[in-house]
Amino acid sequence: MSIIKLLPDSVANQIAAGEVVQRPSSVVKELLENSVDSGAKTIRLVIKDAGKTLIHVLDDGIGMDKDDLKKCIFRHTTSKIRNSKDLYSLKTMGFRGEALSSIASVSHMSIISNQDDNNSLGCEIKLEGGQEKSFNEVVSSKGTSISVKNLFFNIPARRNFLKSDNVELKHIIDEFHRISLINHEINFIFINNNNELFNLSKSIFKERIIRVFGKSSKQKLIPINEETDLAVIKGFVFKPEYSRKTRSTQFFFVNSRFIKNSHLNHAVKTAYDGLIQDNLYPSYFLKISVPLNSIDVNIHPNKTEIKFDNDQSIYAILKSSIKHSLGQFNIAPTIDFDNNINLNTPYSFRNKEASIPKVDYNQAFNPFDNLTKPVDLKTKDFEITSVNDFVGKDQIKNELEILKTNSFPSFQLKSKYIITKTSAGILIINQKRAHQRILYENFLKELSNKTNPIQTLLFPIKLDFNSEEIRMLKLLEAPLVHLGFKFNAFSSENIEISGIHPFLNKKNINELFQDFLRNKDYSKDYAVHTLNDLIAKLLSKYSSISSNENINIKLQESLVNDLFACKDPNVSPFGKLIFKLISLEEIIKIF
Ligand code: ADP
Ligand code: MG
């Protein structure tokens, strides 16, 4: 006996609703998207009790005529695509034709729609659990008004599963952010329990971000602009110091659609490597435009995941454009000293005239005498490039006045920390991490210099590797040579090194190369940034003073001054905290 039956529409719709309508915020998303697709100029969202009692969306878009109003609440009815080819040239948010039918099947719904100008006759359809209850002509304005009441009234399990109003409202606000940010040319009004939460008038993207996230976000924004044949990336990221503990300010919009993509998120995160602590997330608002046929939106019912044809290339473009902008626009964070001055010290020295680098790291070493002269350098004899090399030096000098260790002597604690005084309180600096940060920024700078000093070794060092290891290390050869390394041989089994960067201690060379091999990822993604970043990081690790080293007052002073001339003195290249300021208020509280 045949036991297979075609499910009635009402059951099929409820099953579909399980995917499309998970909570009130899903309804908000679908209705707002429909209004955006309708070409509305103004969209109004009104909710009660975090959407559990009412979700009402009104727009002044194209509207529906009587026939379409009757059809739109059936499954797989859509005006947005006609055939499967259209799936690869989507310009609308919707295309699956299942939102209205799904929502209708689990709520009390009313749709009023009118295609004509104000106060003419439109139609209203009322449904309960997807069943039509009435259909009437009503006087209405142009556009569509959809109200959804008593969501999940017929699925108690779902209704009980909903979280507190606060949590559900948070989900709705998240959806509202996603849609209102990218559709900044539309006016949005959002009212919750008679309180106006947002009233956003049409504006440019930047202004919309500021309206949504508050005036204070203005100073946090760094513009991103990259145009390639594969993708155009425009938008903003937050300066590293404004990174947050949550991901709620991370937005990718691909062809105007908000999407989630862990791969692209990783690209952004790695662009911030060394600039933010590991437990923080960068904030970003990025519009990525790609050819319509190079993505597949139809891989997830709620359309927030998409597949790219060229995701590796887009990863690389995204990462490098953010790195570039961070370098160009980043303003190093000021710790709140009395006069709050920005230390503007970009990595990029591209715009400066190329010159032979001044080496004042060690008085014993003069690159102008003889570039290949062997020098015996102790790593602790550092005196990193003075602040004069950075732009805005007057400002920095002012800042340093406050930090001046002459009047505020420093001392070492446990050969590990440098303690000094500022006008704001007591500063405790982890000397090793501070030195790593200084060296890291210096190595990055040297990687963009034309020439760099080298330290020739009296006795070359020979290191053995297998052929796979050699293949990987080969990728590092050119940048390392640029940084003063000299390789006598790079054969299939070993390398012979006869020159190294002057800061490096030759005892650490083997360990440095082993570390390069442990960080194999650089070979996967051929972006120069990743490679340079890794080299600068590891060189700083193996060139820095240790956390158990006595350093004299003069070096302590240079360390403090050089640290605060850095682009980001807050965290080490490995994302660790470098210093802690114990403020006067905190000290007062103790007593
Ligand atoms: P989809 O958006 O995937 O097409 P929906 O179920 O969300 O499917 O909507 C079905 C159809 O109803 C849409 O294709 C559109 O023609 C019409 N529609 C829905 N909402 C509106 C609206 N606010 N204004 C005008 N037409 C709408
Ligand atoms: Mg839709």
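Analyst: The model is a predicted one, and the values given here are computed from it. The hairpin is formed by strands S4 and S5, with two residues between them. Strand S4 covers residues 120–128 and strand S5 covers residues 131–140; the two run antiparallel and are joined by nine bridges. In the turn, glycine 129 has a positive phi of about 55 degrees. As a general point for reading such a pair, side chains in a regular strand alternate between the two faces of the sheet.

Another local feature is a nonpolar surface patch of about 490 Å², made by Met1, Ile3 and Ile4. Of these residues, isoleucine 3 is found in the segment before helix H1, which spans 9–20. Isoleucine 3 counts as exposed because its relative accessible area is 68%, and the cut-off for that word is over 50%.

As for the setting of these parts, the protein chain holds 16 helices and 22 strands, and buried residues make up 52% of its 591 residues. Among contacts between residues at least 6 apart in sequence, 69% join residues at least 24 apart. The accessible surface of the protein chain comes to about 28300 Å², and carbon and sulfur atoms account for 50% of that surface.

Methods. Residues are numbered from 1 along each chain as its sequence is written. Chains are lettered from A and ligands numbered from 1 in the order in which they are written. This is a predicted model: local features need pLDDT of at least 70, side-chain atom pairs count only at pLDDT 80 or more; totals for chains, interfaces and linings use all residues. Side-chain values use heavy atoms; hydrogens and water are left out. Two strands pair if DSSP finds at least two bridges between them. Helices (H or I, at least four residues) and strands (E, at least two) are DSSP runs, numbered from the N terminus. Patches are made of residues with over 30% relative accessible area and no salt bridge: like charges are joined within 9 Å, nonpolar side chains (Val, Leu, Ile, Met, Phe, Trp, Tyr) within 5 Å. Accessible areas come from the Shrake-Rupley method with a 1.4 Å probe; for residues, only the protein chains shown count as cover. A salt bridge is a side-chain nitrogen of Lys or Arg within 4 Å of a carboxyl oxygen of Asp or Glu. Buried means under 20% relative accessible area, exposed over 50%, partly exposed in between (1.4 Å probe, protein chains only). Contact means heavy atoms within 4.5 Å.
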